[in-house]
Amino acid sequence: MIRKSKLFFIRNFSVLSISLLGVIAVILALVMGYLHQNYRLRDIINLSMLTGDMLVPLILFIIALIFRNRYFAVGTVISCFIGIFLRLTSVILYHKSFMALDYNSIKLLAIHTDFESVQAIFGKYCYFWIIPIVIAVIAFISYFCVRVWKTIKLCRKKCRKTAVITSVILLFFSILSCVAFFIYEEKSQVVCNAGRPLPIAIYYIIKDFADDTKKDNNYTKIPLPEKSREELVKMKILAPENEHVKKQDLFDKIIIIAVESLDYDYLSCNNPNMPKGITPNLDRLSKQYVSMKNYFPGSHPTSWALTSLILSRMDYERDRYIANESMFAAARRKGFHSYYFTSASGDFGENSRYYKVMFQANIQMFRKEFHEKYNVNLDNSWGFADRSLYACSLKELKKCPSKRFIAVISTMDTHFPYFNSPLSPEEEKAFPTPFLRSLYSTDRELNTFITNIMKDPELYNERTLIIVTADHTATLGENYTKRENFNPARIPLIFITPNQKVFQKINTKKYASSIDLAPTLLDLINAEIPSTFMGRSLFSDKNMALVMPYYPYMIVHSEKGEKRFFLDDAEGPQETALRDFFYSHYGSK
């Protein structure tokens, strides 16, 4: 009798688990649609999670009922909770970082983060404390059902038959929804991986993993076909062979400030939806100095974006294994000392090791180095405050052994979960959310840093250039940009120098991305532009921004609008030329 009670308990537990998984799936499907801020068909199709997520548990449950096998019943419960865990993970991940549960996001988390980073992304959900509560509730209800079952003495055979029939019907709809979703994606070429049924999502994760493990890190560069070269020259991605570029040696000191996740539309002068007075200093700088209007990150997140900025290339993951020139290395041949400063940990993605080889800076300092040298304390889960980073960086620059230097400073305050220097009660009231306070504080600390540079005549003169930009567009935090998707969008690019006449030659409305910044700066110090660079100087006639959120997905911004495509699905002369352009720099595995 005891064994039968246990079996009934497990079966009821299984039924309730499947029911809970179905309910959670449909609720979270509606949440996904809400997060999209859009209820078109491609978002409503997320409702397929209602039965799609239940595919594996239903198969196990039917076997458990037919053969009266408690082990398959236990497997049903376990698979249900794995499904609940994965679905909650996918929604939280999407809500916090706009990444879907797929192979790319898993690989990104594995490469780019450690536990501190995961905790920062998931915040209070990091430990998934809700899961034990759900288990306890199901266990209590299951026990209650067992007691009711034993009390009213229902016909167990008839009940089991009904359960099997019901489960088979649900299984039919589950298979149907998965197949329909798969066909929809294949035919429409619209990837809805944020709302894929879990069996489909897991299938693609395994498939992508298998495809990736078949490859090695040996890349064979593919020569650029002449037809594609002609098309790229026509598109002005490449310069004509007979072009003569006039180079000038105009600057001795270049300081690039890459503000974390600083969207172009986070500046109140660019976006009326922003709270009044939140970025007064950035607004002033963008009006006072030459500022680009259609400038995009070459990629994201930070490691990818910094590769675009310093290497003028687009694929960080591949560039870790390819020997390339960098902006720092090219500048060194003209007598420049180089620096890379960040308050983040060098352990993230082993960046301290990879950056040393990739960026080739004379000095690179991460959180550990700043702490050891200046006793700087951790201010948030990602790093220390911008004000400390600026203060320590300024000390390092003043000690530069060369009269010429180029420095990149990567900040952290505007990264979720956000940090701000102390604010007055009035300021806290005006900017009530952590994101807004962080943005306001970032604006103020940035202005303090620039002011301190300008006060030093040895650092700031006619041959000094300060550049304010972002590592990448906003991918975390409050969406004041009002975009329907979170692909890379515009970021600021402000040239601060007493020598403004130089930059007045640039058309500020032209389209460009961060791969174009390094060749621009090398032009300004009369340095040769390496052949490994993919960008082209802002002083050229190029008027197109190339962006790669992740391989092999490319976005092209131009006066004709935005065009997105996958490299391997390139059609037409322009897309084919861009595909060949990419593979001529990276090759295929």
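Setting aside neighbours within four places in sequence, asparagine 499 touches Phe251 and Glu462, where contact means heavy atoms within 4.5 Å. The model is a predicted one, in which local features need pLDDT of at least 70, side-chain atom pairs count only at pLDDT 80 or more, and totals for chains, interfaces and linings use all residues. Residues are numbered from 1 along each chain as its sequence is written, and side-chain values use heavy atoms, with hydrogens and water left out.

Asparagine 499 sits in the loop between β8 (493-496) and β9 (511-513). Helices (H or I, at least four residues) and strands (E, at least two) are DSSP runs, numbered from the N terminus.

Let's turn to threonine 520, which belongs to helix α21 (residues 517-524). Beyond its neighbours within four places in sequence, threonine 520 is in contact with Ser537, Leu538 and Phe539. Its C-alpha atom lies 8.9 Å from that of glycine 535, 15 residues apart along the chain.

| Residue | Relative accessible area | Class |
|---|---|---|
| Asparagine 499 | 17% | buried |
| Threonine 520 | 0% | buried |
| Phenylalanine 173 | 42% | partly exposed |

Phenylalanine 173 is part of helix α9 (residues 156-188). Together with Ile165, Ile169, Phe172 and Leu176, Phe173 forms a nonpolar surface patch with about 490 Å² of accessible area. Patches are made of residues with over 30% relative accessible area and no salt bridge, with like charges joined within 9 Å and nonpolar side chains (Val, Leu, Ile, Met, Phe, Trp, Tyr) within 5 Å. A salt bridge is a side-chain nitrogen of Lys or Arg within 4 Å of a carboxyl oxygen of Asp or Glu. Accessible areas come from the Shrake-Rupley method with a 1.4 Å probe, and for residues only the protein chains shown count as cover.

Key. Buried means under 20% relative accessible area, exposed over 50%, partly exposed in between (1.4 Å probe, protein chains only).
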